[in-house]
Amino acid sequence: MRKLIRGVVVLALVAGGGAVLATPADAAAKTFKNCTELNKKYKHGVGRKGAKDKVRGSTKKVTTFYVNTALYNANKKSDRDKDGIACEKR
């Protein structure tokens, strides 16, 4: 009887284990139509982990963007200067 219960538990863990591997951030990564839409929810933009704003002259860098690599990847088309931050806004 113990072997049967152990086998059922192992089978349940193996069968359900694949669903546990997906992170909620990957599943919830929304693609926004444009920067106006994205900035309504994420005021200073969305960036991947380790991204730094690329600026010229005396302009201050944006450091208050939302960090989420999956969300950035879903909206990568909106990163015009290819610095790892989509729709950055001061």
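Q: Which residues make up the largest nonpolar core?
A: The largest nonpolar core has eight residues in all, namely Phe32, Leu38, Tyr42, Val46, Leu71, Tyr72, Ala86 and Cys87. The term stands for a set of buried Ala, Val, Leu, Ile, Met, Phe, Trp, Tyr and Cys residues joined through side-chain atoms within 4.5 Å. The model is predicted, and for that reason local features need pLDDT of at least 70 and side-chain atom pairs count only at pLDDT 80 or more, whereas totals for chains, interfaces and linings use all residues. Residues are numbered from 1 along each chain as its sequence is written, and side-chain values use heavy atoms, with hydrogens and water left out.

Q: Why does Cys87 count as buried?
A: Buried means under 20% relative accessible area, exposed means over 50%, and partly exposed is in between, with a 1.4 Å probe and protein chains only. Cys87 has 6% relative accessibility, so Cys87 counts as buried. This residue is found in the segment after β3, and it is one of the members of the largest nonpolar core. Of the 90 residues of the chain, 26% count as buried.

Q: What makes the link of Cys35 and Cys87 a disulfide?
A: A disulfide is a pair of cysteine sulfur atoms within 2.5 Å, and the sulfur atoms of Cys35 and Cys87 are 2.1 Å apart, so this pair is a disulfide. A search of the whole structure finds one disulfide. The link is left-handed, with -80 degrees about the S-S bond.

Q: Which residues is Ser78 in contact with, leaving aside its neighbours within four places in sequence?
A: With those neighbours left aside, Ser78 is in contact with Cys35, Ala86 and Cys87, where contact means heavy atoms within 4.5 Å. Ser78 lies in the loop between α4 (69–74) and β3 (85–86), and its relative accessibility is 12%, which is why Ser78 counts as buried.

Q: Why is Lys82 called exposed?
A: Lys82 has a relative accessible area of 62%, and therefore Lys82 is exposed. Lys82 lies in the loop between α4 and β3.

Q: What makes the phi values of Lys82 and Cys87 worth a look?
A: Most residues other than glycine have a negative phi. Lys82, a residue other than glycine, has a positive phi near 55 degrees, and Cys87, which is not a glycine, has a positive phi of about 60 degrees.

Q: Why is Thr69 called partly exposed?
A: The relative accessible area of Thr69 is 36%, and so Thr69 is partly exposed. Thr69 has its place in helix α4; leaving aside neighbours within four places in sequence, Thr69 is in contact with Gly47, Arg48 and Lys49.

Q: Why is the pair of Phe32 and Tyr42 called edge-to-face?
A: Rings of Phe, Tyr and Trp (its six-membered ring) pair if their centres lie within 6.5 Å, and planes under 30 degrees apart count as stacked, over 60 as edge-to-face and the rest as tilted. A search of the whole structure finds two aromatic pairs. In the pair of Phe32 and Tyr42 the ring centres are 6.2 Å apart and the planes are at 85 degrees, so the pair is edge-to-face. Phe32 lies in the loop between α2 (24–27) and α3 and Tyr42 in the loop between α3 and β1, 10 residues apart. Both Phe32 and Tyr42 are buried, and together with Tyr66 they form one aromatic cluster.

Q: In what sense do strand β1 and β3 pair?
A: Two strands pair if DSSP finds at least two bridges between them, and strand β1 (residues 46–47) and β3 pair in the antiparallel sense over two bridges. One of the residues of this pairing is Val46, whose bridge partner in β3 is Ala86. Three strands form an open sheet in the order β2-β1-β3, with mixed pairing; β2 (66–67) and β3 are the edge strands, each pairing on one side only.

Q: How many helices and strands does the secondary structure of the chain come to?
A: The chain has four helices and three strands, counted as DSSP runs numbered from the N terminus, with helices as H or I of at least four residues and strands as E of at least two. From the N terminus on, the elements run α-α-α-β-β-α-β.
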